[in-house]
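Subject: Structure handover

Hello,

Here is the structure we discussed. Please look it over, then read my notes below.

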Amino acid sequence: HHLAQRTSGGTIFPQFRQIGYLAVAVFFFYSGYGSMKKYMLDKTYKHRYLLRRLPPILFSYLFATAVYWLMYAAFGKLYTLKDIIAAVLHGAPIVAFSWYVINILIFYVVFYLLMIIFDGHEKGMIAGALVYFIIWVQICRKLGYSSYWYTTTHLLILGMLWAVEEKRILAILKKNYLLSILGSCFSICGRNCQK
């Protein structure tokens with residue numbers, strides 16, 4: 001997707017420009033779904049949630065930041081720690097295309113807080129996640145972040161909802177599979193036609 005944004009060759013390759021949001025949406029959906037499903041199966045999951053979720057992503061991100069810092073330094077641009085933090089806070093981290101990493105790290109912290117606050121009430125967690133999403137969108141807009149910082153974030157909540165209502169949703173989809181397929185196709189085509 002990111003390569004396709006910078007090239008114009010070929011017939012098929014440029015089509016990848018249109019699907020970046022879909023890949024992120026799927027990743028966010030599965031993150032919300034997996035987090036909620038695991039919590040529903042094991043209420044003690046919250047005790048080790050942050051230790052299991054944050055370190056792998058955070059350490060990888062810090063490593064990527066160090067690599068980018070070295071790369072920039074090799075070409076004469078030296079970032080200080082203050083510059084790196086300011087870049088993240090301004091919505092333009094020095095690690096290219098890393099907005100989704102920051103987004104998922106924030107969500108994991110929010111999900112942990114929702115587990116603590118709503119303790120066993122999954123629908124309350126979903127409502128809390130919806131409030132988080134509304135606040136997140138407003139923060140991103142107020143700070144002037146590009147819309148990609150929040151346009152797929154709601155899929156985290158949809159994944160949580162799917163985990164809670166999976167049997168009911170699948171029953172509806174099985175009864176109306178043709179309408180489901182057509183609706184999915186029209187929603188994807190509609191978004192791509194707008195661009």
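First, a definition: buried means under 20% relative accessible area, exposed means over 50%, and partly exposed is in between (1.4 Å probe, protein chains only). The model is predicted: local features need pLDDT of at least 70, side-chain atom pairs count only at pLDDT 80 or more, and totals for chains, interfaces and linings use all residues. Residues are numbered from 1 along each chain as its sequence is written, and side-chain values use heavy atoms, with hydrogens and water left out.

Salt bridges

A salt bridge here is a side-chain nitrogen of Lys or Arg within 4 Å of a carboxyl oxygen of Asp or Glu. The count by this rule is 6. Helices are DSSP runs (H or I, at least four residues), numbered from the N terminus.

Start with Glu 166 and Lys 37. Their closest N and O atoms are 2.8 Å apart. Glu 166 sits in helix H7 (residues 166-175) and Lys 37 in helix H1 (residues 20-41), so the bridge ties together parts 129 residues apart in sequence. Glu 166 is buried, at 18% relative accessible area. Lys 37 is at 25%, so it counts as partly exposed.

Next comes Glu 122 with Lys 43, at 2.4 Å from N to O. Glu 122 belongs to helix H5, and Lys 43 to the loop between H1 and helix H2 (45-74), so this pair joins parts 79 residues apart in sequence. Glu 122 has 17% relative accessibility and counts as buried. Lys 43, at 35%, counts as partly exposed.

Then there is Lys 123 with Glu 165, at 3.4 Å from N to O. Lys 123 is in helix H5 and Glu 165 in the loop between H6 and H7, 42 residues apart. Lys 123 is exposed, with a relative accessible area of 55%. Glu 165 is buried, at 14%. Both belong to a network of salt bridges that also takes in Arg 168.

Helices H5 and H6

How do H5 and H6 cross? The axes of H5 (residues 122-143) and H6 (residues 154-164) come within 9 Å and cross at roughly 170 degrees. Axes are lines fitted to C-alpha atoms, for helices over the stretch in contact, and angles run from 0 to 180 degrees between N-to-C directions. H5 is therefore roughly antiparallel to H6 (angles over 145 degrees count as such). Contact means heavy atoms within 4.5 Å. On the H5 side it includes Glu 122, Lys 123, Met 125 and Phe 133; on the H6 side, His 154, Ile 157 and Val 164 are among the residues. The contact residues divide into 9 nonpolar, 1 polar and 2 charged. Ala, Val, Leu, Ile, Met, Phe, Trp, Tyr, Cys and Pro count as nonpolar, Asp, Glu, Lys and Arg as charged, and the others, Gly among them, as polar.

H5 has 22 residues and reaches 31 Å between its end C-alpha atoms, close to the 32 Å expected. The expected span is 1.5 Å times one less than the number of residues. Its buried residues include Gly 124, Tyr 132, Trp 136 and Cys 140. Just after H5, Gly 144 has a positive phi of about 80 degrees.

Best wishes

Note on methods: Helices (H or I, at least four residues) and strands (E, at least two) are DSSP runs, numbered from the N terminus. Angles under 35 degrees count as roughly parallel, over 145 as roughly antiparallel, 65 to 115 as roughly perpendicular and the rest as oblique.
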